[in-house]
Protein chains: 2
Amino acid sequence: MLEKMDLSKRMEKETYKEKITSLQAELGRLQRECKELKIPVMIAFEGFDAAGKGLQIGELLQALDPRGFEVHAVKQETEEEKMYPFLWRFWTKIPEKGRIAIYDTSWYRRVLVERFEKKMSEKQLAEAFSSICSFEQQLTDDGMVLVKLFLCIDQKEQKKRLKKLLKNKETAWRVTEADWKRNKDFSKYRAINEEMLKKTDTDYAPWMLIEATDRRFATVKIYTAVIQMMKRAVERAKAPEQSVKQKNAIAYDKDLQSSILSKADLSLSYTKEEYKEKLRKLQDKIEKLHGELYRRRIPVVLGFEGWDAGGKGGAIKRLTQKMDPRGYVVHPTASPNDIEKAHHYLWRFWQAMPKAGHVTIFDRTWYGRVMVERIEGFCSTEEWQRAYKEINDMENDLVNAGAIVIKFWLQIDKDEQERRFTERQQNPEKQWKITDEDWRNREKWDQYEEAVNEMLIRTSTPEAPWVVVEGNNKYYARIKVLETVVKAIEERLK
Amino acid sequence: MLEKMDLSKRMEKETYKEKITSLQAELGRLQRECKELKIPVMIAFEGFDAAGKGLQIGELLQALDPRGFEVHAVKQETEEEKMYPFLWRFWTKIPEKGRIAIYDTSWYRRVLVERFEKKMSEKQLAEAFSSICSFEQQLTDDGMVLVKLFLCIDQKEQKKRLKKLLKNKETAWRVTEADWKRNKDFSKYRAINEEMLKKTDTDYAPWMLIEATDRRFATVKIYTAVIQMMKRAVERAKAPEQSVKQKNAIAYDKDLQSSILSKADLSLSYTKEEYKEKLRKLQDKIEKLHGELYRRRIPVVLGFEGWDAGGKGGAIKRLTQKMDPRGYVVHPTASPNDIEKAHHYLWRFWQAMPKAGHVTIFDRTWYGRVMVERIEGFCSTEEWQRAYKEINDMENDLVNAGAIVIKFWLQIDKDEQERRFTERQQNPEKQWKITDEDWRNREKWDQYEEAVNEMLIRTSTPEAPWVVVEGNNKYYARIKVLETVVKAIEERLK
């Protein structure tokens, strides 16, 4: 989830000032409403060292009535606390109904800092995750609003901040050996955080990822997340006659949204000569690797998504051109038929999964649930929100069974799409490729962009990553797909 | 869960005939309703070998329209199936909406037979449990009715049945090496089943335990369980305006209920001399063990529940008489006060848990949730149904932190209770012990008995067992409590 974040996000001082005043007023109002409705709220701050957790908690408190909240700074367990189950100190510190408790790091310490520092057996780790999920489910089942914020900065920014803290006498004491160690082993510690996020990003207690390089940006995003979580609890408490399960989605302003797609450098390209040369080499490689996969009985699942006319078909064609057709299947995904509709939405994809040694390439995938079904209202809010975890769980089952799983998003910009649509319409041989629906979907570009960004964040994991393919230049896109697949297979065969 | 089952349950032929006709009619009707309402149903048969799964499936099919169901006999994975994630063969075999699928053993094979036969790492096992829970949650979230039946017989009965099968040429082939191995290592295989039941007994897919020594009894109980699960799905589909989360409880006829309490032999007793002699020795022992617990930093949690006037106070007094008062606390549990009511119901018990090396004795416990709160309607059906897992999870956290956890149920019969109530009323020094509420609770004896039986089954685990104490004779009861505690501590200190 983390590597997809755009940590260059900033907010101008003027925009900040404009927004923060009304956000503070709204949070204050919501605190009073929650008190009245006896809704308890827990806000957990996690994230990398020096990401600004303390400072952001201070910002958040600006808006709150001090009689109604408590802040818990969570340190290493005391000798006393070590004598209890690790969740004991959190169970005993849950807020009373109507109050807000804020945690400066939280019950996740166990599976983050403590895991990083100590040896922990696989069994203990599995038990800790299971206890944490049970803790959160029990509390939210009982009506707790649980806001989990993850503040993200990169290794370089972290180093800069730690150094700055060191320079100042007043703050130097805050920088510990352990902080430096985590900065040095940043990628190891990040992997631990990635795994934690994947295992605990549930529909009842989802993670809110906060780009924290710019403090103003982070403050506004944190306020927005907290406000929306509290708001939906208040609305549900006021309208219990509505379906209990229906939840509002968390929606950020355009400028607070994740911006993975807009980061893609669409100017990347190859000349025809470069393309031909690379293509030949990569196709030869993949032909050999494909045989090796078969002998080693490794299954491969490749998913292709992207804008209409993004170039999925062309990329799949180049990928498979020299592969032995007995060892792969391309599975095109259309709207579900009647039989498929009469089953769980993942059923038809389970049917199509490759057996060991085989490759299945999905032209559109199960991610339709969190794109078209979300946007067109073919499923409920609750259903698509739940789907991130359902999909992660399914891919996890595949990975545990030994599969290589990669998902490609073919990215083009809106102008390029229009160019391609028009070209298709004018070319008699390509006319079949373009329908009215394509034009209609195009009108919903912004909605799709938001949904895709959220999907990429919530379902990209180290074991089953999303790869955004810069697709304005078809040559570049096809080579990137082939290169990615070749690299992933080579890594596995090592 | 299993060791508490009364496997001597039987049903007379006449009673059976009378019941089965109407049950079959009702199941047929429900099948048609589910078809109409497009509700899919999965019925999984698990349990010990030769418990009669095949036969009982045959009985169940009697009532069903063959055009609406399918039966899957789940064997060892084929070479083909081994090439997929282990849940693949079940994902691809889920029934269409409106149809019923019956599984003769199921996706639990992985964590039962396969675990018993093969070495599996702790990590693989944890992943299998997590995949199974996710599978079941995804399906039930999507509207699947999931009935999980566990057919239970004991080792002796199993041996008898296997031998009988062997004798007959027609059936001898059905008895395999593996069956005999599981019969020989029955207690090991049972422990594997216990762990499975504990980890997968969820509110969305609870286990139905079926005493299967007597085939007629089992058939009627299975029909009843299936009917009630389908019925509540039909009712919820018909009345969606009611709270989605509110579920009807599964209720069995009096004669189908678990009968743990009625099995207790209340004639057990000691003479005063026997009592005094044993008491002295046990109290000396516990004094020493208590010190050892402190040095070894082992926490102990003892919960006392039982009928009013069951003798909890007296037993606790004898237990603690010679213990160092700095090392234990007796925690009496009354109705929650306002602060406690403003928190999750388990919060106040977490507060009181012992630290390492200490003993906490609870006089009444968190089990109030599934007894008085259930019966008096102080919480919703959904809430007390969810509580079995919540409580198991909490006790599991304690056990994982190294605690000894034992729960005592002090059992007396209704006559003995009346005798004690009357005695209390007539004795001026004991009058404070008896209130009108005690008499009112007594009127609900049968309801309590049902709730207690269910509680004992669903929350007795090898790591945190329930011990039913035969309490008509106070001497006997006190000695049994002391003996149990001494034995558990000695086991741990080994």
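With a relative accessible area of 35%, B:E423 is partly exposed, a class that lies between buried (under 20%) and exposed (over 50%), using a 1.4 Å probe and protein chains only. This is a predicted model, in which local features need pLDDT of at least 70 and side-chain atom pairs count only at pLDDT 80 or more, while totals for chains, interfaces and linings use all residues. Residues are numbered from 1 along each chain as its sequence is written, chains are lettered from A and ligands numbered from 1 in the order in which they are written, and side-chain values use heavy atoms, with hydrogens and water left out.

**Where chain B meets chain A**

- Chain B brings 48 residues to the contact and chain A brings 48 residues, where contact means heavy atoms within 4.5 Å.
- About 4600 Å² is buried between chain B and chain A, and carbon and sulfur atoms give 56% of that area; buried area is the accessible area (1.4 Å probe) that two parts lose on being put together, summed over both.
- On the chain B side, B:M83, B:H344 and B:W350 lose the most area to chain A, together 15% of what that side buries.
- Four salt bridges are counted between chain B and chain A, each being a side-chain nitrogen of Lys or Arg within 4 Å of a carboxyl oxygen of Asp or Glu.
- A:E80 forms a salt bridge with B:K355, and their closest N and O atoms are 3.0 Å apart.
- There are also 24 residue pairs in polar contact between chain B and chain A, with both residues at pLDDT 80 or more; a polar contact is a pair of N or O atoms within 3.5 Å, where within protein one must be able to donate a hydrogen and the other to accept it, and residues adjacent in sequence count only if both atoms are side-chain atoms.
- Helix 3 (88-91), helix 5 (122-141), helix 14 (338-341), helix 15 (347-352) and helix 17 (381-400) of chain B each supply at least two residues of the side of chain B that touches chain A; helices (H or I, at least four residues) and strands (E, at least two) are DSSP runs, numbered from the N terminus.
- Helix 5 of chain B gives the most to that side, with 10 residues.

**Salt bridges within the chains**

- Over all chains the count comes to 104 salt bridges.
- B:D214 and B:R10 meet in a salt bridge (3.6 Å, N to O).
- This pair links distant parts of the chain, 204 residues apart: B:D214 is in the loop between strand 5 (207-211) and helix 10 (215-238) of chain B, and B:R10 is in the segment before helix 1 (13-36) of chain B.
- B:D214 is buried, with a relative accessible area of 9%, whereas B:R10 is exposed, with 55%.
- B:R419 and B:E423 form a salt bridge too (3.8 Å, N to O).
- B:R419 and B:E423 are four residues apart in helix 18 (residues 414-426) of chain B, so about one helical turn separates them.
- In chain A, the side chains of A:K430 and A:E423 meet in a salt bridge (3.6 Å, N to O); A:K430 is partly exposed at 27% relative accessibility, and A:E423 is partly exposed at 34%.

**Helix 20 of chain A**

- Helix 20 (residues 445-459) of chain A has 15 residues and reaches 21 Å from its first C-alpha to its last, close to the 21 Å expected at 1.5 Å a residue; the expected span is 1.5 Å times one less than the number of residues.
- Helix 20 of chain A is largely enclosed by the rest of the structure, because 12 of its 15 residues are buried.
- Among the buried residues are A:W445, A:Y448, A:M455 and A:T459.
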